Amino acid sequence: MSDVHRLEPVPANLGSGTVLAAWERFVQGEDHVPDVRPLVAISWHRCREQYRVDPHLTKAPLAVAEPDRTPEYDVVFAELGFRAASVAHEVGSLGGVVTVTDATGRILSEWGDQATLARAGESHLAPWFCWSECAAGTNGMGTALEAHGPVPIRGAEHWCQAFHDWVCAGIAVRDVVTKEPIAVLGICCWRSPLPASASGWLANAVTMTQYPLRRRARDSGAELVAACAQARARSGAALAAVDTAGKVVIADDMASVLLGVPAHTPAVDPTLRWNPGLPELIAAARYATAQAAHQPDWVGSTQIFAHLADEPTSISIRPVFSSGRLIGHLVAFGDSEGARLPRAETSAPPRTRPRRLIATRDNRLVLLRLPEVSFAESRGNDVWLSTDQGRLRAASVSLDKLEGELADAGFLRVHRRYVVNLGRIREVERGLKGELSLVMDDGAHDMVPVSRRNAPALRRALDI
């Protein structure tokens, strides 16, 4: 943090100007928020419509939940604590504070300028208080739990008016397998700008913290491959190994056909594992992960629709542990050993069907009715929506997340890059080699490819 003293420009009065005017209109119920960053506008919408946080809240609430923590998470907290403490003097000399927060938004530790720490305590910006978005509205720590990369929140960008004098930034450390947040590292300043290097320092700290997580995940992948080989020697069933998020690490010949992944091709690196595109299997793996955390000897069974199968296939799912730590599961096809999984858990997790999708156009928040959306496409780090209002960037940070939100609303994943509105399919076109493409019911009659492994699910959905 050698350039910590270079400051980024911010208004002298953090609560004035166009952002404050937009905040006042948005609090009153208006959706048009020019001159507000899309990240902030989307966060405001969550705070107002989903979390219903009082914008006139003056203090963060006391944290009431203790999240489940594994030894791996303790390693993350210790590493972040070390990195935060190492720069606390430099940040403190600028009147700032450094925080470490868990996955619920609860502050665990805090370092920095004593006068700023005392002022922070007045707003409960202190250990054991909760700063998630659902508790304290838009803020650097809480919004980092909802987004990827460093998240700076300045002045009137905070949802709660009482926090408009603060400037803060946060970044989440995420599990390299499940992508769920583990902790947040943050910097906060009172009525003064953040160090110019704050975002770079936060990103570097998280990168260094995730190195051991990636190494352990690769080791776990290799152990899952070995466990699958040992189980295959004892059983004639089609067999695959999946990680705790339901992604495939290795599959034998028959299982590879049912899962639509390459056979006998280990994917030990967490960034390269195979996504089978089977929501029922992913939900079953996540249910098994939750059960095994409390019952290590648990074994379950259910039925799923596999690729190239017209009827549901029975599977059993058996957790795999290494040194007492859950690393994944063995999935045996055609087997029904173990406790039956509840039906509600084998389909998409129950959720309220979204009435609207949120998108952005320049600095304007666009609320879309679901029938207005023809399809969603993943491009790079963004998700784009083809809509009756044109092509818009979605608020969702990933196509996987959007797929989960729309699974019970008439949308279907047909390709690794596309989720389509089944009600907006105009034609199904078959290519010379049997591949399918969809002609969408929109102004341009856009063509959407269908991958071979997703074709059976599409046929079932359309009854063709």
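1. Two strands are said to pair if DSSP finds at least two bridges between them. The model is a predicted one, and in it strand E9 (residues 313-322) and strand E10 (residues 325-333) pair in the antiparallel sense over eight bridges. Within this pairing, arginine 318 has leucine 330 of E10 as its bridge partner.

2. Both strands belong to an open sheet of six strands, which has mixed pairing and in which the order is E7-E6-E10-E9-E8-E11. Because strand E7 (248-251) and strand E11 (339-340) stand at the edges and have a single partner strand each, one side of each is left without a neighbour in the sheet.

3. Helix H7 (residues 198-234) packs on this sheet, where it touches strand E6 (238-242) as well as E7, E9 and E10, and the direction of the helix makes about 35° with that of E10.

4. As for the chain as a whole, the protein chain has 12 helices and 21 strands, and its C-alpha trace spans about 70 × 55 × 35 Å along the principal axes. The radius of gyration of the protein chain is 24 Å, which agrees with the value near 23 Å that a compact globule of 464 residues would have.

5. Of the 464 residues in the protein chain, 51% are buried, while the chain exposes about 20,900 Å², with carbon and sulfur atoms supplying 51% of that area. Among the contacts in the protein chain with a separation of 6 or more, 56% are accounted for by residues 24 or more positions apart.

Methods:
Residues numbered from 1 in each chain as written. Predicted model: local features only at pLDDT ≥ 70, side-chain atom pairs only at ≥ 80, totals over all residues. Heavy atoms only, no water. Helix = DSSP H or I, 4+ residues; strand = E, 2+ residues; numbered from the N terminus. Contact = heavy atoms within 4.5 Å. Axes fitted to C-alpha atoms, helices over the stretch in contact; angles between N-to-C directions. Rg over C-alpha atoms; globule rule 2.2 N^0.38 Å. Buried < 20%, exposed > 50% of the residue type's maximum accessible area, 1.4 Å probe, protein only. Areas by Shrake-Rupley, 256 points an atom, 1.4 Å probe, with all protein chains shown as cover.
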